[in-house]
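This briefing is to be read next to the sequence and the coordinates. Please keep both open while going through the points.

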Amino acid sequence: MSHRRLLSLVLTALTLPAFAVAPGTTAPDFKGTDSNGVQHSLSDYRGKYVVLEWANKGCPYDQKHYLSGSMENLQKDWTAKGVVWLSIISSAPGAQGYVTPSEENTYIKTMHVASTAVLLDPTSTIARLYEAKTTPHMFVIDPIGKLIYQGAIDDKPTTDQADLKGADNYLNDALNAAMSGKPVPVASTRPYGCSVKYAH
């Protein structure tokens with residue numbers, strides 16, 4: 001193999017996204033407290049499909065999905081089918097996107113958020129377990145605890161609500177396929193959005 005070819009392979013490997021949890025591996029268990037003070041563990045939901053959605057209401061990419069009603073509609077559709085949907089806010093205190101429980105509950109009520117719960121992760125512990133990169137960053141876990149999808153919510157990495165029309169929604173694709181007993185067509189994509197504001 002030529003030096004140039006080897007260098008090309010190395011550079012390609014370095015630029016590919018790397019994730020702590022790869023599709024097909026067991027999703028890490030975690031404990032988190034929601035905006036109502038209730039504790040949740042991933043292991044509590046063994047036997048169900050689980051969606052993890054990293055959120056930040058001040059992020060324009062997140063706003064695209066929430067202000068349009070698209071995210072809330074997805075939450076309503078999938079929770080009605082028995083899917084557990086956990087939205088996770090991992091912004092550190094003092095960082096953009098940080099919210100108190102009461103602030104988040106006001107937002108939930110105002111926006112008609114329909115996730116199962118919103119977990120507040122101000123120490124970014126859950127985010128580190130999953131190497132959550134952006135808001136939104138989506139993960140889908142199957143009933144036996146395996147990760148079957150991670151990445152972008154769809155194939156339109158913009159802040160424009162008009163781009164929701166005609167977008168290929170990877171989350172829908174993954175859940176529809178898995179719940180029909182079919183392989184997930186695309187198991188991993190590069191997430192897009194604002195960076196998660198990790199605690200240091």
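Predicted model: local features only at pLDDT ≥ 70, side-chain atom pairs only at ≥ 80, totals over all residues.

Residues are numbered from 1 along each chain as its sequence is written, and side-chain values use heavy atoms, with hydrogens and water left out.

**Sheet**

- An open sheet of 7 strands runs in the order β2-β1-β5-β4-β3-β7-β8, with mixed pairing.
- Its edge strands are β2 (39–41) and β8, each of which pairs on one side only.
- From one strand to the next the twist averages 30°; the angles are taken between N-to-C directions of axes, run from 0 to 180 degrees, and each axis is a line fitted to C-alpha atoms, for helices over the stretch in contact.
- Strands (E, at least two residues) and helices (H or I, at least four residues) are DSSP runs, numbered from the N terminus.
- Two strands count as paired if DSSP finds at least two bridges between them.
- Strands of a sheet pair through backbone hydrogen bonds, in either the parallel or the antiparallel sense.
- β4 and β5 (residues 117–120) are parallel and share 4 bridges; Ile 89 has Leu 120 of β5 as its bridge partner.
- β3 and β7 are antiparallel, joined by 4 bridges, and Glu 53 is partnered with Met 138 of β7.

**Strands β7 and β8**

- β7 (residues 138–141) and β8 (residues 147–151) also run antiparallel, with 4 bridges between them.
- Bridge partners across this pair include Ile 141 with Leu 147 and Phe 139 with Gln 150.
- The two strands form a hairpin with 5 residues between them, and Gly 145 in the turn has a positive phi of about 95°.
- Met 138 and Val 140 point one way from β7, Phe 139 and Ile 141 point the other way, and all are buried.
- Buried here means under 20% relative accessible area, exposed means over 50%, and partly exposed lies in between (1.4 Å probe, protein chains only).
- β8 is mostly covered, with 5 of its 5 residues buried.

**Helix α3**

- The buried residues in α3 (residues 70–79) are Met 71, Glu 72, Leu 74, Gln 75 and Trp 78.
- These residues span an arc of only 160° around the axis, which puts them on the same side of α3; the arc is that of the directions from the helix axis to the C-beta atoms.
- An α-helix has 3.6 residues a turn, so residues three or four places apart point the same way.
- The cover over the buried residues of α3 includes β3 (50–54), α2 (60–67), β4 (84–89), α4 (101–111) and α6 (170–179), where contact means heavy atoms within 4.5 Å.

**Disulfide**

- A disulfide is a pair of cysteine sulfur atoms within 2.5 Å, and by this rule the count comes to 1.
- Cys 59 and Cys 194 form the disulfide, with an S to S distance of 2.2 Å.
- The pair links distant parts of the chain, 135 residues apart: Cys 59 lies in the loop between β3 and α2, and Cys 194 lies in β9 (residues 194–195).
- The torsion about the S-S bond is about 90°, so the disulfide is right-handed.
- Cys 59 and Cys 194 are both buried.

**Thr 135**

- Thr 135 is in β6 (residues 134–135) and is buried, at 3% relative accessibility.
- Neighbours within four places in sequence aside, Thr 135 has contacts that include Trp 54, Asn 56, Tyr 61, Asp 62, Tyr 192 and Val 196.
- Both disulfide cysteines, Cys 59 and Cys 194, are also in contact with Thr 135.

**Salt bridge**

- The structure holds 1 salt bridge, defined as a side-chain nitrogen of Lys or Arg within 4 Å of a carboxyl oxygen of Asp or Glu.
- The side chains of Glu 131 and Lys 133 form this salt bridge, at 3.9 Å from N to O.
- Glu 131 is partly exposed at 31% relative accessible area, and Lys 133 is partly exposed at 33%.

**Lys 165**

- Lys 165 lies in the loop between β8 and α6 and is exposed, with a relative accessible area of 76%.
- Its C-alpha atom is separated by 27 Å from that of Leu 147, and Lys 165 and Leu 147 are 18 residues apart along the chain.
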